[in-house]
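Please read the briefing below alongside the sequence and the model.

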Amino acid sequence: MLGSRRTPVKRQRDEAEKPFWISFSDLMTALMVLFLVAMAVALLNVTQGLRKMDEGRAQRDTAISSCLESIRHITEQTQYPGVKLRGQTLELGSLAEFPKDSNELEAQRASYLRGFVPHMLQIARTPECQNWLKRFVLEGYASPEGSYLYNLNLSLERSQRVLCVLLDNKAADALNAEDRQAIREQFFVGGSSFNSAILNQPEKSRRVELRLEFKELRPRCEADTPNCDADDIQPLPWDDDAKCPVAKR
């Protein structure tokens with residue numbers, strides 16, 4: 001018996017054709033958003049780091065300027081004629097001039113230096129200087145007469161002689177123990193032969209100048225970072241009664 005044939009109901013294919021995985025374009029969009037977020041965070045950190053460096057550099061420059069200005073006030077005192085500050089170098093003038101072919105310093109000039117340098121040390125202990133001052137360098141010079149190597153050795157001996165004068169604890173006007181300790185820790189010597197000689201004034205070329213060196217701005221050292229403070233040289237033990245090793249000439 002032939003009955004009416006039922007037409008089968010078509011399955012709805014919406015669910016079967018609905019994609020299970022996200023499309024490639026959606027994946028790339030998500031990755032791009034994550035990349036932009038990461039870049040924004042990185043740029044923010046870099047900007048904050050640069051801002052802190054700029055602030056630190058400004059604080060350093062202000063402190064150094066204040067330190068040098070304090071030294072300039074001392075050079076303007078009448079008891080130290082000829083002493084003047086040029087940049088970060090202190091020209092000692094007649095206080096540290098030597099005779100020709102000699103590393104000897106006259107007693108009067110030695111006394112002047114022992115009276116002048118403690119003022120520098122006092123300023124070096126102020127917060128403005130103490131945080132940034134690295135060292136004092138006694139730089140010796142010579143006049144153009146003679147060979148370069150001869151004058152190089154002579155200029156070094158002159159700077160060493162000034163250091164011996166400052167550390168002489170037998171002098172009537174000797175510096176106190178605290179100042180002598182500071183000199184041993186902060187004063188270095190060097191010789192420049194007749195480089196920077198004063199033209200047409202050989203007597204003023206035979207001199208010693210005091211140069212100030214300041215620390216550079218650098219990131220804070222971590223506790224386990226090796227050689228982070230490689231510039232901070234520890235002084236060797238010193239015998240206060242030791243004789244000056246510079247032979248007279």
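Cys164 is buried, its relative accessible area being 18%, where buried means under 20% relative accessible area, exposed over 50%, and partly exposed in between (1.4 Å probe, protein chains only). This is a predicted model, in which local features need pLDDT of at least 70 and side-chain atom pairs count only at pLDDT 80 or more, while totals for chains, interfaces and linings use all residues. Residues are numbered from 1 along each chain as its sequence is written, and side-chain values use heavy atoms, with hydrogens and water left out.

**Disulfides**

- The structure holds 2 disulfides, a disulfide being a pair of cysteine sulfur atoms within 2.5 Å.
- Cys164 is linked to Cys244, with the sulfur atoms 2.0 Å apart, and this link is right-handed, with 75° about the S-S bond.
- Because Cys164 lies in helix H5 and Cys244 in the segment after E5, the pair ties together parts that are 80 residues apart in sequence; helices (H or I, at least four residues) and strands (E, at least two) are DSSP runs, numbered from the N terminus.
- Cys244 is partly exposed, with a relative accessible area of 30%.
- Cys67 is joined to Cys129 by a disulfide with an S to S distance of 1.8 Å, and the link of Cys67 and Cys129 is right-handed as well, with 110° about the S-S bond.
- Cys67 belongs to helix H2 (residues 24-75) and Cys129 to helix H4 (residues 127-130), so this pair ties together parts that are 62 residues apart in sequence.
- Cys67 counts as buried at 2% relative accessibility, and Cys129 also counts as buried, at 0%.

**Sheet and packed helices**

- Strand E3 (residues 133-140) and strand E5 (residues 208-214) run antiparallel and are joined by 7 bridges, with Phe136 standing opposite Leu212 in E5.

**Glu91**

- Glu91 is found in strand E2 (residues 89-91) and counts as buried at 17% relative accessibility.
- Leaving aside residues up to four places away in sequence, Glu91 touches Gly82, Val83, Lys84, Arg86 and Glu209.

- A search of the whole structure finds 1 cavity of 30 Å³ or more, a cavity being a set of points, on a 1 Å grid over the protein atoms alone, where a 1.4 Å probe fits but cannot get out, with lining residues having an atom within 4 Å of a point.
- The largest cavity holds about 30 Å³ of space, and the residues lining the largest cavity are Leu92, Leu113, Val117, Leu138, Val162, Leu166, Phe187 and Leu210.
- Helix H3 (107-124) and helix H5 each supply at least two residues of that lining.

Methods:
Pairing = 2+ DSSP bridges. Contact = heavy atoms within 4.5 Å. 1 Å grid on protein atoms, 1.4 Å probe; cavity = no way out; pocket = protein on both sides within 12 Å on 5 of 7 lines; lining within 4 Å. Points joined across faces, edges and corners; volume = space filled by probe spheres on them.
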